[in-house]
Structure formats: structure tokens, C-alpha cells
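User: I would like a close look at a single part of this model. Please keep the terms plain.

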Amino acid sequence: MRIGLAADNGEWHRGRLLGALRACGIEPVLFSLADVAMVTGGGEPLRIPGFEGELPDGVLLRTISGGTFEATTLRLGVLHALVAAGVVVWNDPRAIERCVDKSMTSLLIARAGLPTPDTFVVSSREAAMDIVRREAKPGVPLVLKPLFGSQGEGLRLIGIPDDLPQLEEVARVYYLQRFVRRNVEGWRDYRVFVCDGRVVAAMAREGDGWITNVHQGGRPSPWRMPEEAADLALRAAQAVDVSYCGVDLIEDDRGRFLLLEVNSMPSWSGLQSIVDVDISEAVVRAFLKAVYAAHRPAMVAVS
């Protein structure tokens with residue numbers, strides 16, 4: 001199989017995925033989406049470094065390198081073009097778009113009837129101020145999140161309307177979510193890693209403050225995951241139709257699990273540090289199974 005590995009950012013994840021692919025007898029072509037060109041006038045228009053004018057059978061995507069809105073649009077366009085040509089791409093660009101845009105994730109989760117904190121998305125500061133006046137209570141603020149943010153960056157607590165930043169600071173979109181805090185000491189939420197319709201691993205994340213992301217100082221700890229939490233994570237992955245993901249959960253003051261986010265490009269170094277299962281191997285094996293299933297007739301004919 002001709003496999004591409006697009007893993008620009010993160011040496012640890014790239015190394016683990018590369019090792020897992022090699023253990024399966026695959027020597028992938030490492031490339032960056034930023035280096036893919038589109039050239040018309042003869043042959044395949046997509047020119048991917050290392051594939052000499054041909055397309056791979058599958059592309060395992062770890063990250064999309066940062067850049068301008070135009071550059072990101074181009075890289076997503078490359079992924080869409082690969083899928084349209086029959087290449088198996090994990091994760092599918094449609095799933096990436098649904099998860100990167102928190103408002104779309106929230107919409108799909110709500111339509112699936114899954115429990116999640118009340119969420120409000122508006123495009124004017126006046127509308128956001130009205131929401132804060134109506135929904136924020138003493139000691140129970142709203143959480144303002146960047147629409148395209150990750151790893152706990154840019155989160156703010158909004159207790160009164162004047163706490164809201166100006167439009168330019170939030171890219172002209174206010175994504176507000178009801179703050180959830182249990183009546184227990186400390187701060188804790190949960191990450192569940194789902195791949196190919198099954199739970200691979202899970203952890204609790206504990207922090208000294210309300211932001212518990214590992215990249216923000218949160219501490220991963222073992223967690224005996226209840227069945228209802230595993231079921232909720234699987235249903236969340238199904239709702240956004242993603243092949244592998246990190247699902248973030250939190251408990252409310254009644255002990256009920258709520259969905260926070262679904263991450264289609266999750267990190268798993270923190271999770272890997274506390275579990276025995278090889279997460280990279282699980283992702284690679286499921287991905288190769290999907291590639292083989294998609295291309296089996298052609299591969300059998302060649303052999």
C-alpha cells in the first residue's frame with residue numbers, strides 16, 4: 001500500500017505513528033500539506049511530494065500546519081480532492097471541519113440529543129451581552145471559547161456583560177457555554193479516545209484551576225470509566241462522523257456526564273503516559289484496515 005503520513009507538528013506523535021506503520025510493514029511517505037501543489041495541464045493535478053505524480057492509497061493525517069485562512073482553505077481543499085479521487089483520508093476533511101468549528105460540533109451534538117452544557121453562538125457583542133445578562137448568575141459564569149481554538153487556549157470566564165471582549169478579539173463570533181462545576185473539591189474533567197467505533201483509552205484530567213487541558217498544566221490520571229461515559233463518547237464520535245477523536249466530558253453537580261468537545265486532531269501523549277494500550281498502534285491498524293477495505297479489489301487484482 002502507498003501510504004502518506006502528514007504530521008507536520010509534534011515530533012513525538014510523528015515518531016509513534018511512523019513506528020506503528022513500520023511495525024505493520026508499511027514505509028510511509030512523510031509529507032506536509034503545505035508542500036502539496038496543484039498543477040493543471042497534464043496528468044494528476046495534485047502533486048504530492050514523494051509520490052511522483054501518482055496519488056497514495058491512504059493518508060493518515062495528524063495535523064494541518066497553521067497559516068492564514070487562505071492557506072488552511074487550500075490544505076483542506078487538497079484533502080477534499082484526495083477523498084474525491086478515492087484516497088482514504090483519516091480523518092476525513094468533512095469530519096475535521098465539523099470538529100474544528102465548535103459551533104457545528106455543538107449543533108450536531110444537540111441534534112443527536114446528547115447531553116451538553118447549554119451553548120450560545122452569536123455574531124454581535126450586543127447579542128452576546130444580552131445572553132450574559134440573562135444566563136450568567138453569581139458564581140456561575142459563562143465560558144467564552146474561541147470558535148477554532150484548541151488545547152484550552154483562549155478560554156475566559158464571563159460573569160457580567162462588560163467581561164466580553166470586543167468583536168475583533170473573538171474573530172467576530174461569540175461562542176458561549178454554560179460553566180459546569182461539581183460540588184466537590186478540585187477541578188476534573190475527562191478525555192476519551194475513540195477510534196473506529198470503539199473506545200481505545202480514557203483518562204481523568206485534574207488541574208489546580210478550571211482549565212484542565214494537559215497543555216495548560218492539567219495532570220492526567222487513571223480513570224475507571226463508567227459504561228454511560230463510554231457510550232456517550234461513542235455516540236459523540238458517531239454524531240460528527242469522525243474516524244478517530246478525543247472526546248471531552250465533564251460531570252455536573254448531579255454526577256451526570258455532559259459532552260464538551262470532540263477533537264478530530266487529538267494529542268495523546270498525556271493519555272499514553274498512563275495507559276498500557278498503544279494508542280498509535282490502534283489508530284494505525286484501524287486506518288490500514290480501512291485502506292485495505294477500500295482498495296482490496298485492486299490489490300487482489302495486482303497480486
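In what sense do strand β14 and β15 pair, and over how many bridges?

Analyst: This is a predicted model, in which local features need pLDDT of at least 70 and side-chain atom pairs count only at pLDDT 80 or more, while totals for chains, interfaces and linings use all residues. Residues are numbered from 1 along each chain as its sequence is written, and side-chain values use heavy atoms, with hydrogens and water left out.

Strand β14, residues 244-251, pairs with β15 in the antiparallel sense, over six bridges. Strands here are DSSP runs of E with at least two residues, helices are runs of H or I with at least four, and both are numbered from the N terminus. Two strands pair if DSSP finds at least two bridges between them. Within this pairing, Glu-251 stands opposite Phe-257 in β15.

The two strands belong to an open sheet of five strands, with the order β13-β12-β11-β14-β15 and antiparallel pairing. From one strand to the next, the twist averages 30°. Strands of a sheet pair through backbone hydrogen bonds, either parallel or antiparallel.

Helix α6, residues 227-240, lies across β11 (187-195), β12 (198-207), β14 and β15. Contact means heavy atoms within 4.5 Å. The helix runs at about 40° to β15. Such angles run from 0 to 180 degrees between N-to-C directions, and axes are lines fitted to C-alpha atoms, for helices over the stretch in contact.
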